[in-house]
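Colleague: I am new to reading models of this kind, and I would be glad if we could go through a few features together, slowly.

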Amino acid sequence: MARFKKDIPFIVLAVLTLLFHIYLWKKTGVAEYGDMLRYDAMSMHLALKGYLGFGSGPDAFVTPGYPLFVAFLMKIVFLFHGTSLSHIRLIHEIYFVQQLISIISLVLIYRIATVMVNRKAGLIASLLSVFYLPMSFVGNMLLTEVLFIPLLLATLYFFILGKQKDSKRYYALTGLFLGLTTLVRPNVIPLVILFLLIIYWPYFREKKAGLYKLMARSWPMLVAVLIVMLPWWIRNAIDFHHFIPLSTEAGNPLLAGGDPYFQVNINQLIAMSRSLHESQETFAIHYILQGFTHHFFLFAEWFLFGKLGYLFGKPWLYGYLSSFVVYHHVVVFLGFIAMFVGLFVKRLRYLSLATLLLLLLQLGFLPTARYGYPIIVLWLIILGALLVEMYTWWHARRMRA
C-alpha cells in the first residue's frame, strides 16, 4: 500500500493522459498517406486473404510486426462489427486501441526512469513526454511508431532490470522484446551486441565475474531473440526459397540516405542500381564507399553531422506550432547533451549507450523527423533522470557545505 501511494502522482497523470488520448481519438478522423497506405493494404490482405504482402502475393518487403498487429486488430473489429463495416470506421477503431497502447509507453517511461534513479525522475520524464505532442497523436496514425516505441522501451527496461538484478529471467525477457521490436523495425537488432558487451565487460575489464556465469546469463537472451525470429525465417524460406534475415527493403532507406544532402534523386539512384543489375543494398554500399573514396569530407560530414538537422531540426508532425517548435528545440538540445553526460553517470550509462547506438545506426540511413522521434523519447527519459541526479548532487554538496 505504501508503494502504491508513492505512485499516485504518476497514476493521476496517466489517467488524465489516457482521457486526453481518448478525446483526441474522438475528435480526429482518418487520413492515410505515405507508408500508412502500405501498412493498411498489407494488413487487409493478411486479415481477409491470408497472405502478408503489399501486392497480389506474399512478399518480405518489410518485417511483419506491425502489419500482423494491425491485422489482428482488424480481426477483433470484424468479430464485433462484421466485415461490412466501412473502412474508415475500421481504421478509426484500430486507432482507439493504439491510443490505449500509447499509454503503455508512458508507463514504461516512468518505470525506466524510476528503476534507474527514483520516482521523482520517473515523474519528470513522464511529464516531459506528455508535453511532447507526437506522444499524444501517434496513436491516430497507421505507422510503426505506435508499436515500435513501447516494444523498444520494454526491451531497455528489462535489460536494465536484468543488469541490476543479474537475472536470467529479465535477460530472457530482454531477448523476447528485442526480437519483437526487430520484427517491427529491424534497425534495432545491433542492440544485442551492445547488451552482450555490457554483460561481458566486467569479465574483460577486471575478471570480476566468471566467464561461464556470464554465458549462463546471456544465452537466454540470445535464445529468446532466435525463437521470436525463427517463424519469420521459416516463412521466408518456404515462400521465397532463400534466407531473408530481416526484409528485402533494407537497401532502400540505406540508398535513400546515401547521397549527401539529397543532391541525386532517389528514383535516379534506384534506376542506376537496376542498370547495374545490383540490389539497392549492394548498390548503396558501393555508392557510399565510392563517395568516401573520392569525396571523403563531404560524405564524412553527411554521415556524422549532416543528417542531424533532418532528424531533429523540425518536430515530427507539428512544425507549424511555434510554441511547440521552441519546446522541441529545447528538448533536442538538452537531450543530446544529457545523453553524453549520461555516459559518465553510472545509473544512466546503459540507457545512454543504447540511445547513442540507435542514433549512430540511424545516421546510416534515410534521415527524416519521424525516424528521430523514438530517439527523442529516450532523450526525455535521460533528461528527466539527469535533472534529478544533478539536483541530488547539488543538494548533497550544499548540505556538506
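**Reading a loop, a pocket and a patch**

Modeller: Phe262 has its place in the loop between helix 12 and helix 13 (266–275), where helices are DSSP runs of H or I with at least four residues, numbered from the N terminus. This is a predicted model, in which local features need pLDDT of at least 70 and side-chain atom pairs count only at pLDDT 80 or more, while totals for chains, interfaces and linings use all residues. Residues are numbered from 1 along each chain as its sequence is written, and side-chain values use heavy atoms, with hydrogens and water left out.

Colleague: What is the phi of Phe262 near?

Modeller: Most residues other than glycine have a negative phi. Phi of Phe262, however, is near 55 degrees, a positive value, and phi of His277, in the loop between helix 13 and helix 14, is positive too, near 60 degrees.

Colleague: Is His277 buried or exposed?

Modeller: Buried means under 20% relative accessible area, exposed means over 50%, and partly exposed lies in between, with a 1.4 Å probe and protein chains only. His277 counts as exposed because its relative accessibility is 75%, whereas Phe262, at 34%, counts as partly exposed. Val138, in the loop between helix 7 (134–137) and helix 8 (145–165), counts as buried because its value is 5%.

Colleague: What volume does the largest pocket have?

Modeller: A pocket is an open set of points on a 1 Å grid over the protein atoms alone, where a 1.4 Å probe fits, with protein on both sides within 12 Å along at least five of seven lines, and lining residues have an atom within 4 Å of a point. The volume, which is the space filled by probe spheres set on the points, is about 960 Å³ for the largest pocket. Of its 36 lining residues, the closest to the centre are Pro186, Glu249, Ala250, Pro253 and Phe365, and helix 12 supplies the largest share of the lining, five residues.

Colleague: Which residues form the nonpolar patch on the surface?

Modeller: Such a patch joins nonpolar side chains (Val, Leu, Ile, Met, Phe, Trp, Tyr) within 5 Å, from residues with over 30% relative accessible area and no salt bridge, a salt bridge being a side-chain nitrogen of Lys or Arg within 4 Å of a carboxyl oxygen of Asp or Glu. Here the patch is formed by Phe4, Ile8, Ile11, Val12, Val15, Leu16 and Leu19, and its largest share, six residues, comes from helix 2 (residues 8–27).

Definitions and conventions. Helices (H or I, at least four residues) and strands (E, at least two) are DSSP runs, numbered from the N terminus. Patches are made of residues with over 30% relative accessible area and no salt bridge: like charges are joined within 9 Å, nonpolar side chains (Val, Leu, Ile, Met, Phe, Trp, Tyr) within 5 Å. Accessible areas come from the Shrake-Rupley method with a 1.4 Å probe; for residues, only the protein chains shown count as cover.
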